[in-house]
Amino acid sequence: SDLIAHPVAAAEVLVKLRVDTDTIVAAILHDVIEDTPIAKEELAKNFGEGVADIVDGVTKLDQIQFKSREEAQAESFRKMLLAMVRDLRVILVKLADRLHNMRTIEGMSLPRRRAIARETLDIYAPLAERLGLYAMKLELEDLGFCALYPRRYRVLEKAIKSARGNQKEFLARISEQIGAALKRAGIAAEVETREKHLYSIYRKMLRKRVALADIVDVYGLRVVVESADDCYRALGVVHAAYRPMPGRFKDYISTPKPNDYQSL
């Protein structure tokens, strides 16, 4: 039953991304060439060339990973994976498989668990982000963080829950106020609340060498508008309602991040 559940679970991840049928079928069959005597030609005969090519691509990715991972820097390895894949659906299947592995990682030995978690954080979460799969990236990061540093994860999770308190009610009130101010200014916008994910908080604490209490954006509001011009106008509305913190303003519209992320 485990042999059946594993590929089906990977396929279920991809169904939510609304990929095509060949990708779903390939996800179900992605271990067939590697784990059984069935060759690519037989897969092609029964399921079509598209499915066979994806399964063959995933198999080759696994082989390259096994031989080369220790020798490669994370960034160069990610580039190599993308360069050798002619069809990005191969990467999608691999990411779905890795997400399922991370969701069920408790069954692995501790050394194996740590190795898989480290590889997930170094290779697969950044790949998901590169492909615009942000929800998958966040889940891979938090699962990897929990598996690699379980004690740090638990301490940080407990601290966040303790600090959460009435933040949701507080954010809802601010969101309503900002939404009303934007409407009065004639700016069409959506105001969303968000909580920073644990691994993102942890990385920021390490990078800035600060305690959790010094991370000012654990909770935040996101104002989504139609254009860059509206974004600058919305900023004026927000600054009129709430005094900005000195030195904290960043313009990622005039200077986008390396991944083309743009915001104020």
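**View 1. Arg209, out in the open on a loop.** At 78% relative accessibility, Arg209 counts as exposed (exposed is over 50% relative accessible area, buried is under 20%, and partly exposed lies in between, using a 1.4 Å probe and protein chains only). Arg209 sits in the loop between α12 (198-208) and β2 (219-225); helices here are DSSP runs of H or I with at least four residues, strands are runs of E with at least two, and both are numbered from the N terminus. Arg209 is not a glycine, yet has a positive phi of about 55°. This is a predicted model, where local features need pLDDT of at least 70, side-chain atom pairs count only at pLDDT 80 or more, and totals for chains, interfaces and linings use all residues. Residues are numbered from 1 along each chain as its sequence is written, and side-chain values use heavy atoms, with hydrogens and water left out.

**View 2. Lys204, a buried lysine in α12.** Lys204 is found in helix α12, and at 10% relative accessibility Lys204 counts as buried. What does Lys204 touch, not counting residues up to four places away in sequence? The list is Lys196, Arg209, Val210, Ile215, Asp217 and Arg248, where contact means heavy atoms within 4.5 Å.

**View 3. Arg18, on the loop between α1 and α2.** Look for Arg18 in the loop between α1 (2-15) and α2 (21-28). Phi of Arg18 is near 60°, a positive value in a residue other than glycine. Is Arg18 buried or exposed? Arg18 is exposed, with a relative accessible area of 78%.

**View 4. Asp56, tucked into α5.** Asp56 belongs to helix α5 (residues 49-68). With 14% relative accessibility, Asp56 counts as buried. Setting aside neighbours within four places in sequence, Asp56 is in contact with Ile33 and Lys40.

**View 5. Helices α8 and α9, side by side.** Two packed helices are described by the angle between their axes and the distance between the axes. Here, α8 (residues 110-130) and α9 (residues 134-148) pack at about 160°, with axes 8 Å apart. The axes are lines fitted to C-alpha atoms, for helices over the stretch in contact, and angles run from 0 to 180 degrees between N-to-C directions. So α8 and α9 are roughly antiparallel to each other (over 145 degrees; under 35 is roughly parallel, 65 to 115 roughly perpendicular, the rest oblique). On the α8 side, the residues in contact include Ala117, Leu121 and Tyr124, and on the α9 side they include Met136, Leu140 and Phe145. The residues of this contact of α8 with α9 divide into ten nonpolar, two polar and six charged.

**View 6. Met136 and the nonpolar cores.** The largest nonpolar core has 56 residues, and Leu95, Met136 and Leu140 have the most contacts inside it. A nonpolar core is a set of buried Ala, Val, Leu, Ile, Met, Phe, Trp, Tyr and Cys residues joined through side-chain atoms within 4.5 Å. Met136 touches Val13, Leu17, Leu95, Leu99 and Ala128, leaving out residues up to four places away in sequence. A second, separate core of ten residues includes Ile178, Ala181, Ile187 and Val225.

Notes: Nonpolar A, V, L, I, M, F, W, Y, C, P; charged D, E, K, R; others polar.
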